[in-house]
Amino acid sequence: MRFSIAVIPLVLFAALAGVFLLNIDKDASVVPSVLIDKPAPEFSLPPLPGRDKGLSRADLTKGEVSVLNVFASWCVPCRAEHPLIKRLSREADVPVYGLNYKEKDPEDGVKWLAELGDPYAAVGMDLSGRTGIDFGVYGVPETFIIDGTGQIRYKHVGPVTVEVLEKVLLPKIAELKG
Amino acid sequence: MFAELGHFALLLMVVTGIGQAVLFSPLWLHASLRILTPQRASATPAGSPAFSDDDDNDGDRGGAFGQAAAKPASLFLLPGVILLLGLLAEGALLNAFIVSDFTLPIVSNVSHSSTPLLYRIGAAFTPDGGAMLLWLLALSLVNLLIAIQLRSSAAICTDRFARNALSVLGALITILGVVTLIDADPFLRVTVAPLDGRGMNPQSQDLLKVLREPFLYLGLAGLAGIFAMTLAGLLDRKIDRRFAETMRSWTIISWVCLGTAIAINAYRSYSEQAWGGWWYWDTAENSLLLPWLLATALLHCRAVLEKTETLRAWTAFLGITTLAVGWFGVYLTRSDLFAPLPETQLLPIDSTGLLVAFCLVFAVAYYLFWRSVDQMGDGRGFDVISRESAMFLNSVMLSLVAAVVLIGTIYPLVLQWITGDPITVGAPFYVKALIPIVLPLLFLMAFAPALRWRQDEVWMIGRRMKLAAILSLITVLFVSIRFIDLSPAPLIGIGLAGWVLTASLSDLWARLWRHPEYGDSKYRNLQLLGPRYISMTLSHIGLAILIAGGSASSIWEEQVVVSARAGQSIQAGPYNLQYEGVSLLAGENYATRQATFILYRHSLPVTELFPEIRYYPIRGVETREADIWHGRDGDLHVSIGDRDDDGGRVVTVHYLPMMPWVWGGMLLMLIGGCFSILTRVILRFKKTGVPAS
Amino acid sequence: MISRFKLVFGALAILVPVIASNPAFAVNPDEMLSNPVLEERAREISKELRCLVCQNQSIDDSDAELARDLRVLVRERLVAGDDNEEVIDYIVARYGDYVLLNPPLKPETYILWASPAVLVVLALLAVFAFYRRKQREGSPASASLSKDEQERLDELLGTSNDDGKS
């Protein structure tokens, strides 16, 4: 009987160690979205100042796969990922929409795009952050892949890196397209 | 240059650690032999040391060296050298931070030329490499102290026990040293140095935060000492009274150090948050709390072991597990598992080595526990109604609390790995899950001083506890009548706190004034009580005060949020705050908006308060610093926010009645622990004079 | 190296616009509802919701910008006539159970919620078994002590400072 009690710590320890060792390279810091495989929320956002096309849910349901990238001029990692968003819009052959999240000044987004280049098919301006909340945005930048029926199929939180672009986003888009 | 010296010292430390592990004890040889031939070990009769006589006969080089190295004089040699090397390495790292040597990435990542000197030193403890080095230094200090202790108490512990314990410590130093070198080598250089550093995380630029780290790692090193002694005891199958005596100081030292780290952590979040909260059950806090809870459990069941030689397996188990949860906590906070946002990670963090080493060390330890524990036998035991029994139940319940906290901490992580479903385990869970365990714990705690060792009678206890029961019932009645619409939970908290408090005090009173064995001189009576009793009473009263303060402040807190203009006066509790305005000031490496408030109590000026919003340009981060007045009846906690659209300043005033009790209670608990250590040291010096060299 | 002078003035230059435009602060007066009942409900709900970018803090406690947005949203939903549960569901629909500081009872959390009770029961059983075994081995009072044990006991009772019954 004592034997069996003494073996409990060993077993519990082994189980815990096993779980942690097996998952050592998994990234748990990203919160998976509950919106995956759910229709994108209803929204309609005004255009950036000086432009005439805003962004609304209708743009995402045109029957083709699309990408929605949440960015802001005040967000440092957005600047870092921007070249890769440009590359994404060139290589993926799908429309990449921009959601300009919570600018302090509406002009900021325009200036930022003028400086770094504008890869977006259309940009909606979300000054209040309410559309962001509807999309479950919690850390900019975030990148959504949406299928032709307007269903959210994938979400990447944090800056897109070369690895993420090549190993995750592009294959995912290709898979959805074809 | 110095960094290379430090690097070399760290490397030598690992080598010397191997030396200590191998030379002090042929344990490793035996461990491998035992794993190869398990029947041999189980054939050994219970209670007898398994390999007592093989040491001298096997003529192995390690064994021979072991004997040589264990000669009393040479017992210090290796630990002394290791401590010197540790000091050298830490000194080299501190030097790199002090002179801002940005060719070391560890410096340039968390420091900046404009960071004040004190925080440059503090910054040396925060990155992985620095923290590991601090742990190693604390470990080598404990290593030397244990070598001294075991030598001077040669009458108490066997030479074999001492050698085994030091050998385990040597192995731990080696393992952690290797982990440091592989995972987070602090002395790596880059050829192209950045012009300046990235600056310290402003959240850490705080004296208390700087002080927290040494206490934490000293506490963990103390737990490592206990761990080493436990393994040595298990190897000898001798978890007995002598063993309990030997590790007594270390349980208290670790308990005090970890408790200090917790108190500092709580006070720091209290003075940083706008809302007067001081405990959020986040991973960092839980991983401080866990080893402290188990250290408290160990403290109690160790005393039972010393008195009755019962609970051998349980004490040994706690001796191992306390370090295990401490180490695991370091891993959880050091790894990026709980980083709230990917972008907050400045550096790729790799704590794989720490986890692998953890698995290795504790797999061996629990295996040893499993192999040895059923051959140890147990003491005669104690009555269900006895002080031992209360202490035993206390250690069980504290371990339950720790188990629930551990489950709550890792459950979201494991669930997300297995099912991909993210959940949060926050304060509401801990409150609901812990209250049913903590309430009986507090209820029982009050009995501890009144219970007699080994055996007691229910009616006797009833007589001793009568006064406490009546007084605490009166307290509860008074509070519940006076404040009719109270929710039951804090009321029960206050009631139980009163119960523990009055029970402790009335027992003290009875012993000082009424006990037949004691004389008329109260001072003499106090001496007769002994340091252990006084230390226990202080800590128990401290906990009662802490709980009373926490419950009361949660009930009666008052919070006022206003948009204030200069000259405006804000009422909170018995206090009146007059807002004088905000001035823009320059700190050493930050700019700050400092508001001035004049605090009045019943229209008499008491003091001035200066909450701030600091801006650290290097990292581009703002921090808020509340200002707090600890009054007689409560804390007044002020913080400022931003200017709102019509020119007012957002001011948050929190009046927390009885909040000073929380801090005072924590302090009293720690004083209780320190008292026990200090009197022990003083008594020892008195008895033996200055320990002879 | 940046001189102190430059640093501080650089900081001040940056600070002025940052503070002027940064609206984040836990429950600003301008967020509060004039209806005290609704405001009280809003605070209650906010205490249950996790600030996503913080460690286990509720949105009521947090300075983070997103927490502020969520606080405002909670109040808007309340004004629109939602009851507490509907407000929480609204947020959960967007962010998942992750935002609930109090983990909901569902198959994934059965183990979590059951664990305290199971642990208590196991501990009770173990303690009970411990006392049973000790009793079977002989009560401490009646057990005959070996000479060594008796010596130790005497030593303990003699040196210990409490008034144990002998």
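Analyst: Helix α9 of chain B (residues 128-152) has 25 residues and reaches 36 Å from its first C-alpha to its last, close to the expected 36 Å, which is 1.5 Å times one less than the number of residues. Helices here are DSSP runs (H or I, at least four residues), numbered from the N terminus. Of the 25 residues of α9(B), 20 are buried, so this helix is largely enclosed by the rest of the structure; buried means under 20% relative accessible area (1.4 Å probe, protein chains only).

This is a predicted model, in which local features need pLDDT of at least 70 and side-chain atom pairs count only at pLDDT 80 or more, while totals for chains, interfaces and linings use all residues. Residues are numbered from 1 along each chain, chains are lettered from A in the order written, and side-chain values use heavy atoms, without hydrogens and water.

Now the interface. Contact (heavy atoms within 4.5 Å) takes in 16 residues from chain A and 18 residues from chain C. The two chains bury about 1,400 Å² between them, 57% of it on carbon and sulfur atoms; buried area is the accessible area (1.4 Å probe) lost on being put together, summed over both parts. R130(A), I133(A) and Y138(A) supply 36% of the area that chain A buries against chain C, more than any other three residues.

The interface of chain A and chain C also holds four salt bridges, each a side-chain nitrogen of Lys or Arg within 4 Å of a carboxyl oxygen of Asp or Glu. K102(A) forms a salt bridge with D69(C), with the closest N and O atoms 2.5 Å apart. Helix α5 (residues 130-134) of chain A gives four residues to the side touching chain C, the largest share.

How values were computed:
Helices (H or I, at least four residues) and strands (E, at least two) are DSSP runs, numbered from the N terminus. Buried means under 20% relative accessible area, exposed over 50%, partly exposed in between (1.4 Å probe, protein chains only).
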